[in-house]
There are 2 protein chains.
Amino acid sequence: MEKLVVIGLGLIGGSLALDLKKRNGYKVYGIDADATHVKKALSLGVIDAETNFSEISDASVVIVAVPVDVIPKVIKKVLDNVSKNTLVFDVGSVKNEICKEVSKHPNRKNYVAAHPLAGTEFSGPEAAILNLFDEKVNILCETEKSDWKILDKALSLFKQLNMRIKMMNPEEHDRHIAYVSHLSHVSSFMLGKTVLGIEKNEQHIFDMASTGFASTVRLAKSSATTWAPIFLQNKENIIRSLDEYIKNLKEFKLHIENNNDEALKEIMNNTNYIKTILNGIE
Amino acid sequence: MEKLVVIGLGLIGGSLALDLKKRNGYKVYGIDADATHVKKALSLGVIDAETNFSEISDASVVIVAVPVDVIPKVIKKVLDNVSKNTLVFDVGSVKNEICKEVSKHPNRKNYVAAHPLAGTEFSGPEAAILNLFDEKVNILCETEKSDWKILDKALSLFKQLNMRIKMMNPEEHDRHIAYVSHLSHVSSFMLGKTVLGIEKNEQHIFDMASTGFASTVRLAKSSATTWAPIFLQNKENIIRSLDEYIKNLKEFKLHIENNNDEALKEIMNNTNYIKTILNGIE
């Protein structure tokens, strides 16, 4: 039975464990800095057994699904211990820093830099679900630095998960993802904070929160442990996107102050174009 | 057969028409300033026939579902023409201005100020759907100014739609709704605008837009004709909520700039409390 090691038993690591065990029959071993995560993952059947870094040399695949600030250190530790045929991939939401950090490792060729664009607002082993990755896009970076057989093994695995694969360079990935993912998280967190801050009377939020608010604030349920390191590691791109976002909010506010009905309508009509773009992904 | 007149055949008016026809067997008549809306509503079976303001005196119920800036004028015109037993209600998302404007009308007692907290991001008669209002909250304002039999008729109708009813004064309604509905729409529209503005390469948005982005930007598909008047009519409350939102965004940005991991985590952990509050509405 092929051995799969998952490091970081949260939403993404846990879901990969569940799905790959089901689809490929791996024996799944888990590692997590948090002992309660390991315990939960075992009791939920997300992993078959606990393991540690000294026992991964015979693994067929090692997945690194820890917060992005810890990923480089963990990948290096894994690469120190792998055998020739072990595929190592991470699932980090920021890629440039990680790719740079591991680029000089003698076993760099065993590593594939991946970012599966999938998730929910929940976290921890109990958030692990089957079929999370079906039809989702998986972005791979600097694949030319991976051994071709290792990369091919990764491609087989991602195709088994029914993912669509897209190659990008890490700088481009980080620049784009700041807008289409990271900014959404900041805007949603700040919406939640704003409403919580003002509405001291919680009963009113509860009563008046319609489905529109619920969907816009959904990402504010996400894990701080996951997202703080992402915001810091993709700092420059996120700050640029936030500056643009704040500028647009101020401009919109000014049109409201000036009763500029026409400008408001023009902006909203133009933004409705997002419908056309999103039609493909829903 | 009781006569229901719906003025404004969009998402809300159309959905009320469909549902009340089905649940109560009304004969439904429609009025809309846009002739293509009337045509569509007729062909979709949303209404049974077109009518006009001079023919509403025998209506049992008249629903005003036009943009909020036009609502006061339309309600007054309707109240000029109703019989003693006609119930007139509107569905506007801002209530203070409307309540003030109609307060002196001799037939004020025929009117019930309502705001059903329901909707989707779609618009026009083709957006009309059944069961949109089930289990949703409907806020009623200044019910003491409605005739008790008229109000009771409204309560029966809303209960037939399976709605939950909550009384509020209009100032309080407008202040709260700015945070839990209107601010979500502005934040979502501006997210859409920001991403469209930066990502000249649309293919990348399309490829990288995950479900997180899709849900956060969903409201940016909403109708400008509906929302521009709402933003202007609830101007002061929306500006206050936007100021708070922008302040929070700037503060969060500063923590990112300063690599203040701890502050970011504290803010996100506190905001996660929104989970507890939203559990009731999802």
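Buried means under 20% relative accessible area, exposed means over 50%, and partly exposed lies in between (1.4 Å probe, protein chains only). This is a predicted model, in which local features need pLDDT of at least 70 and side-chain atom pairs count only at pLDDT 80 or more, while totals for chains, interfaces and linings use all residues. Residues are numbered from 1 along each chain as its sequence is written, chains are lettered from A and ligands numbered from 1 in the order in which they are written, and side-chain values use heavy atoms, with hydrogens and water left out.

**Exercise 1.** Describe the salt bridge of Lys221(B) and the surroundings of both partners.

Solution. Start with the rule: a salt bridge is a side-chain nitrogen of Lys or Arg within 4 Å of a carboxyl oxygen of Asp or Glu. The partner of Lys221(B) is Glu121(B), with the closest N and O atoms 3.9 Å apart. Lys221(B) sits in the loop between helix 8 (211-216) and helix 9 (224-233) of chain B, and Glu121(B) in the loop between strand 6 (111-116) and strand 7 (137-141) of chain B, so the pair links parts of the chain 100 residues apart.

**Exercise 2.** Which residue forms a salt bridge with Arg218(A), and is Arg218(A) buried or exposed?

Solution. Arg218(A) pairs with Glu121(A), the closest N and O atoms being 2.8 Å apart. The two residues lie 97 residues apart in the chain. Arg218(A) is buried, with a relative accessible area of 16%; Glu121(A) is buried too, at 8%.

**Exercise 3.** Describe the interface of chain B and chain A.

Solution. First count the residues in contact (heavy atoms within 4.5 Å): chain B gives 93 residues and chain A gives 93 residues. Then take the buried area, which is the accessible area (1.4 Å probe) that two parts lose on being put together, summed over both. This area is about 9,200 Å², and carbon and sulfur atoms give 71% of it. In chain B, Val180(B), Met208(B) and Lys221(B) lose the most area to chain A, together 8% of what that side buries. Finally, look for salt bridges: there are two between the chains. One of them joins Lys253(B) to Asp243(A), with the closest N and O atoms 2.5 Å apart.

Note on methods. Helices (H or I, at least four residues) and strands (E, at least two) are DSSP runs, numbered from the N terminus.
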